[in-house]
Amino acid sequence: MSTEPDVSEGQSSSAIYAIGKWSLNAHSNQLSKDGQSVELEYRLTNLLVFLLENRDRVLSKDEILRAVWPKKVVNDDSVAVAISQLRKALEDNPRTPKYIKTIPGVGYQFIFQDLPVPPSINISIEAASAKPQQRPTKAIAVVLAAVVLLAVFVALGYDRLKEKPMIVHKPAEPALPTHDVNLLEHAKKLVESANADDWRAAVKLLRQLIEKHPSNAEAYLKVAEAKIKLFGEHFAETENYLEISALLKKALELDPQLARAHSWLGELIFVHDLKPVDAEEHFKRAIELAPQDDSIRYRYAHFLFIYKRFTEAREQIDISRGLNPLTFSGTNMVWVYLLQGDNEMAERELNRIKSTEDTDSFFNVAAQNVYYQMGNEQKVYDNMKWFFNRAQFSEEKINSLNQAFAKGGLKEVYRWLLAHKEAADVGQYTPPISWARYAVAVGDNKSAMNYLEQAYLKRQPHVECAAADPHYAPLKDEVRFKEFVARFGNSVVH
């Protein structure tokens, strides 16, 4: 753990670092190669600069923590995660490293030695050593670097440098008139609302904007996001999928760097097309384009824990929480623990959230699943009652369900819900997948498989979870179930 005082959080000067074919602009956090660039997260830039400036020696994890995470209470895992992200950005293979080498039991060293490192930026190096050494030749190096850059600038000519900039960005779209800029911003706020009427109003405004400015990529993206919210659990059903994916593809055609468009397209390909490899490419591209967007990382984490890649899922959740501490109230870690079979930790996480936050549908769904696996039927039913109230069940229906629970516990409640073909979401999602879950609980495996097949044909969200969700454990030896889960490519993504 590191709790060192913060000497300096900011960057004091800009610098361009040449790393073979790569170029790092430490001022703008841009890592570039062959005319393409990606934006690194602030801490990753600081870490890379620290490694570069100390390439002549091995850096311990503790030293890196003090230098790059001053004043932050973090552990060694933060260093490992950040190193992994840097390697991905640099396309470095940890087994045969070209840039960053792991020294087992010690730390890390930057091993690429092609070009000298130019003047540094200040990233709290003082915090890493009690007696920092100031190189006497640094000022001379700065002057020499400036002279060399000026000579190159004159030799190539200003126009030529403009034609092949180090960092290439998409050409800017024609600026929207002020009125339309305001319209777009208003529509975006409506999309972020929790009200369905606002989402419909946003779609109407965005359609008007697209009619006037058909090349505005963000407008297509926001229509897609509004439609996803309006369709709800039905967003991946074929007709809805065709509309939403067409909007997202149009947005990416106009602007390939729209991170959220990549993220949502990955979600659709994952749920509807059942192509996890293609889906993951979009998730990774989204994170590369918008490493600071915590919602994208949470969406990717869901994908990862469905495929039981729990270490990577936790890594994404931890980064998301670092970007936005409010996401600590989310239930993603509950699901990671649950799918790992660690029910006690899942319950502990539930209690941690409940102690300071109002419960919502996501919490009550997670709670039902955790307590079901723990065999605590009373707590499952207590959380189910939250949904009875939300669905505005009549007093008569609630009394019938209470009587069923008193008579035969959860199994009798599920039997009642299945017999009455209850369509409301009581924390087990909606039909036909909810009916499949009820059928599993009462031991009717044949009906459960029939309903799962129906959910699959509809491309209902959550059907892709069947292989990972312990609720379906009673089906694991069924031939039909094995064939069913094989469709989702669970053996493809690793």
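Visitor: Why does Leu274 count as buried?

Guide: Happy to start there, with the reminder that this is a predicted model. Leu274 has a relative accessibility of 14%. Buried means under 20%, so Leu274 at 14% counts as buried. You will find Leu274 in the loop between α11 (259-273) and α12 (276-289).

Visitor: What else is said of Leu274, concerning its phi?

Guide: Leu274 has a positive phi of about 60 degrees, although it is not a glycine. Most residues other than glycine have a negative phi.

Visitor: And His462: what makes it partly exposed?

Guide: Its relative accessibility is 22%. Partly exposed covers the range between the buried cut-off of 20% and the exposed cut-off of 50%, so His462 at 22% belongs there. His462 sits in the loop between α21 (445-458) and α22 (479-486). It also has a positive phi, about 90 degrees, without being a glycine.

Visitor: How do you know which class Lys397 belongs to, by its relative accessible area?

Guide: The relative accessible area of Lys397 is 24%. That value lies between 20% and 50%, so Lys397 is partly exposed. Lys397 is part of helix α19 (residues 395-419). Leaving aside residues up to four places away in sequence, Lys397 touches Trp416 and Glu422.

Visitor: What kind of peptide bond joins Pro431 and Pro432?

Guide: A cis peptide bond, with omega about 0 degrees. Most peptide bonds are trans. Pro432 is located in the loop between α19 and α20 (433-442).

Visitor: Which residues meet where α1 and α2 pack?

Guide: From α1 come Arg43, Asn46, Leu47 and Phe50, and they meet Glu63, Ile64, Ala67 and Val68 of α2. Sorted by class, the contact of α1 with α2 has five nonpolar, one polar and two charged residues.

Visitor: What makes β5 and β6 edge strands of their sheet?

Guide: The sheet is open, has three strands in the order β5-β7-β6, and its pairing is antiparallel. β5 (59-60) and β6 (100-103) each have a single partner strand, so one side of each is left without a neighbour in the sheet.

Visitor: How do you know that β5 and β7 pair?

Guide: Two strands pair if there are at least two bridges between them. β5 and strand β7 (residues 107-110) have two bridges, in the antiparallel sense, so they count as paired. Leu59 has Tyr108 in β7 as its bridge partner. Helix α1 lies across β5, β6 and β7, running at about 75 degrees to β7.

Visitor: What is the order of the sheet with four strands?

Guide: That open sheet runs β1-β2-β3-β4, with antiparallel pairing. Its edge strands are β1 (16-19) and β4 (36-39), each pairing on one side only. Strand β2 (residues 22-25) and strand β3 (residues 30-33) pair over three bridges, and Leu24 stands opposite Leu31 in β3. Helix α1 packs on this sheet too, touching β1, β2 and β3.

Terms used: Residues numbered from 1 in each chain as written. Predicted model: local features only at pLDDT ≥ 70, side-chain atom pairs only at ≥ 80, totals over all residues. Heavy atoms only, no water. Contact = heavy atoms within 4.5 Å. Nonpolar A, V, L, I, M, F, W, Y, C, P; charged D, E, K, R; others polar. Axes fitted to C-alpha atoms, helices over the stretch in contact; angles between N-to-C directions. Buried < 20%, exposed > 50% of the residue type's maximum accessible area, 1.4 Å probe, protein only.
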